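I opened this model to go through its confidence, its core, its charged pairs and one of its sheets. My notes are below, in the order in which I looked things up.

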Amino acid sequence: MNRTLLRVLLSMMAIVGIVTLSTSIASAQDGRRLRAGYASLSGNMAPYWAAKDAGYYKKYGLDIDLVAFPSGTEGMAAMIAGEIEFLAIAGSTTASAAIGGADVVSLAITTERLVTSLMTIPSIQRAEELKGKAVGISRFGTSIDTAARMALHHYGLEAMKDVMLVQVGAVSSGVAALRGGRIQGAILSYPNLIQARREGFRELLDIASLGVPYASTGITVRKSFMAQRRDVVVNYVKSILEATARIKRDKAFTIEMMMKYFRTKDREMMEETYEVSVAKYLKRVPTPSAESFRTVVDELAMVNPKAKGQDPKRFYDEGILQELDKSGFINSLNR
């Protein structure tokens, strides 16, 4: 799916969402279990899993089902259609949908770097050797797509001209695609990039090390849902904040939890995933910033003329986090 088609799909889904939204909200008010989605299986999702496993959703009166999506494209389509109330997703996907007319906004950014790496086959020693080759991404319009373009731009290469981008589905599929020779490079996140290293693939670039602020992973909701059920949204944010504080201080709990979600007994792999995704890059206070969304807007403007000149502050609302900060709630978690 190319980006133009994606924008058309999101616009169409936004129209459908207007029809389905009232039913979705009414069902939630009638006691239907709320649904919280997460896009991609990576270490960045640890706070959202911990809120479930450690009982923080229940602590704040929420009955929530977790829904996994292979990429942000599918997750955002489900949100626009009213199938889920909350979504852990990249700010770029949220901003792209909002530009296309979707009723979505980011409330928090839990990770503000693209914690991914450009992995290549062993024979590729230098970036210029990627010319004419293919790099695997999950889906167009996702943060993995963005990471690929950022990495290629860093080396003076242009995506889809110098290097082809190939959709492989879930991020985990990138390792198999490298192994099978379908692609010569892939954008991988933790822990998949660890597996790729073990199999002899080369880590050409640690994209997070570029230091570019980017609204990578955070909480997205429909603005209309937040307007009608603000108390529910506040309690969801509280759940994620407390879960974040827990996994920051309780490594043993987090390792066991990640082993469950990644369906692995490889403790060494989970240890490294924890040290990078949680200890190093997970924000204790996930306040969105204009700087991290400006990078998003600049990137989107290269493929979508409607993004040019957009105010980055349009795509996030830090109001709930500000309220929780002023009330002392956030400080009480991080003492």
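These entries cover confidence, sheet, core and salt bridges, in that order.

**Entry 1, confidence.** I noted that the model is predicted. I looked up the mean pLDDT of the chain and found 89, with 90% of the residues at 70 or more. I then turned to residues 1–30, where the pLDDT is below 50. That stretch still has 49 contacts in the model beyond near neighbours in sequence.

**Entry 2, the sheet.** I traced an open sheet of 5 strands and wrote down the order as β7-β6-β8-β5-β9, with mixed pairing. Its edge strands are β7 (164–167) and β9 (202–206), each of which pairs on one side only. For the twist from one strand to the next I have an average of 30°.

I next took β6 (residues 134–137), which pairs with β7 in the parallel sense, over 4 bridges.

I looked up the largest nonpolar core and recorded 119 residues. Which of them have the most contacts inside it? My list reads Phe 86, Leu 130, Ile 187, Leu 188 and Tyr 236. Helix α10 (residues 230–249) gives the most to this core, with 10 residues. As a general remark, nonpolar side chains tend to be buried together in soluble globular proteins.

I have a count of 19 salt bridges.

Arg 33 pairs with Asp 65, and their closest N and O atoms are 2.6 Å apart. I placed Arg 33 in the loop between α1 (3–29) and β1 (34–39) and Asp 65 in strand β2 (residues 64–69), so-called distant parts of the chain, 32 residues apart. Arg 33 is partly exposed at 34% relative accessibility, and Asp 65 is partly exposed at 27%. A network of salt bridges links Arg 33, Asp 63 and Asp 65.

Lys 283 pairs with Glu 112, with the closest N and O atoms 3.4 Å apart. Lys 283 lies in the loop between α12 (267–280) and α13 (290–301) and Glu 112 in the loop between β4 (104–111) and β5 (116–120), so this pair ties together parts that are 171 residues apart in sequence. Are these two residues buried or exposed? Lys 283 is buried, with a relative accessible area of 16%, and Glu 112 is buried, with 15%.

Arg 229 pairs with Asp 231, and here I read 4.0 Å between the closest N and O atoms. Arg 229 counts as buried because its relative accessibility is 16%, under the 20% cut-off. Asp 231 is partly exposed, with a relative accessible area of 48%.

How values were computed:
Residues numbered from 1 in each chain as written. Predicted model: local features only at pLDDT ≥ 70, side-chain atom pairs only at ≥ 80, totals over all residues. Heavy atoms only, no water. Core = buried A, V, L, I, M, F, W, Y, C linked by side-chain atoms within 4.5 Å. Buried < 20%, exposed > 50% of the residue type's maximum accessible area, 1.4 Å probe, protein only. Salt bridge = Lys/Arg side-chain N within 4 Å of Asp/Glu carboxyl O. pLDDT = per-residue confidence, 0-100. Contact = heavy atoms within 4.5 Å. Pairing = 2+ DSSP bridges. Axes fitted to C-alpha atoms, helices over the stretch in contact; angles between N-to-C directions.
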